[in-house]
Amino acid sequence: MRTKRLALCALYTAIALTIFVLETQIPPLLPVPGVKLGLSNIVTLFALCSLGGKEACAIVLVRIVLGNLATGQVSAIFYSLGGGMLSFFTMLLAMRIVKSSQIWVVGVLGGIAHNIGQICVAVLLTQTVGLFVYLPMLLLCGIATGALTGLCAQILKNRRIFQ
């Protein structure tokens with residue numbers, strides 16, 4: 001059974017990393033820095049549901065580090081880690097509260113947390129408090145993209161894909 005979990009972690013990581021790299025090829029949707037679909041979060045949320053917190057956290061960390069290295073965005077690792085880890089822990093807590101039929105809510109909360117984490121890292125690194133002006137637009141985008149990724153993860157979970 002342990003070998004199966006390890007194989008699933010490797011598979012989920014490969015899928016998430018592939019989605020992350022492909023998503024960098026999509027032109028920016030809005031002229032606001034940091035806005036992207038976050039489609040690899042579908043895998044994170046699905047892994048959280050199917051494997052648990054420890055494995056999902058490892059998948060997120062590997063995806064962030066390898067994804068940013070593979071795309072040449074080494075300086076973005078800090079932003080991705082700040083947003084990704086705050087998002088992950090928010091989703092981990094939310095999974096304990098919401099019903100399994102409402103995973104999309106967890107996706108929304110994760111999207112919001114990701115944007116808050118990214119802005120906080122940006123403010124800390126640049127010492128520019130004025131960056132918080134982007135937060136309302138980022139939060140709206142986080143709600144929309146979080147709902148999308150949450151719904152996709154909900155569909156995968158309901159169909160028992162890769163379990």
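This is a predicted model: local features need pLDDT of at least 70, side-chain atom pairs count only at pLDDT 80 or more; totals for chains, interfaces and linings use all residues.
**Exercise 1.** Determine the overall fold content and dimensions of the chain.

*Solution.* Step one is the secondary structure: the chain has six helices and zero strands, in the order α-α-α-α-α-α. Step two is the radius of gyration, taken over C-alpha atoms and compared with the globule rule (2.2 Å times the number of residues to the power 0.38). The value is 15 Å, close to the 15 Å that the rule gives for 163 residues, so the chain is as compact as a globular protein of that length. Along the principal axes, the C-alpha atoms fill a box of roughly 50 × 35 × 25 Å. Step three concerns contacts (heavy atoms within 4.5 Å): of those with a separation of 6 or more, 72% join residues 24 or more positions apart.

**Exercise 2.** Describe the burial of the chain and locate its nonpolar cores.

*Solution.* Relative accessible area sets the classes: buried is under 20%, exposed over 50%, and partly exposed in between (1.4 Å probe, protein chains only). Of the 163 residues, 40% count as buried. A nonpolar core is a set of buried Ala, Val, Leu, Ile, Met, Phe, Trp, Tyr and Cys residues joined through side-chain atoms within 4.5 Å. The largest such core has 24 residues, and those with the most contacts inside it are Y12, L45, A47, L48, L51, F88 and V106. Two or more residues come from each of α1 (2–23), α2 (41–50), α3 (53–70), α4 (77–95) and α5 (103–126). The greatest contribution is that of α2, with six residues. Apart from this core lies another, of seven residues, including V35, I119, V123 and L135.

**Exercise 3.** Identify the aromatic pairs and classify their geometry.

*Solution.* Rings of Phe, Tyr and Trp (its six-membered ring) pair if their centres lie within 6.5 Å; planes under 30 degrees apart count as stacked, over 60 as edge-to-face and the rest as tilted. The count comes to two aromatic pairs. In one, the ring centres of Y12 and F46 are 5.6 Å apart and the planes stand at 70°, so the pair is edge-to-face. This pair links distant parts of the chain, with Y12 in helix α1 and F46 in helix α2, 34 residues apart. Y12 is buried at 2% relative accessible area, and F46 is buried at 3%. The other pair, F88 and F89, is edge-to-face, with 5.2 Å centre to centre and 70° between the planes. Here F88 is buried at 1%, whereas F89 is partly exposed at 43%.

**Exercise 4.** Characterise the position of A144.

*Solution.* A144 belongs to helix α6 (residues 135–159). At 49% relative accessibility, A144 counts as partly exposed. The C-alpha atoms of A144 and G107 are separated by 9.4 Å, although these residues lie 37 apart along the chain.

Terms used:
Residues are numbered from 1 along each chain as its sequence is written. Side-chain values use heavy atoms; hydrogens and water are left out. Helices (H or I, at least four residues) and strands (E, at least two) are DSSP runs, numbered from the N terminus.
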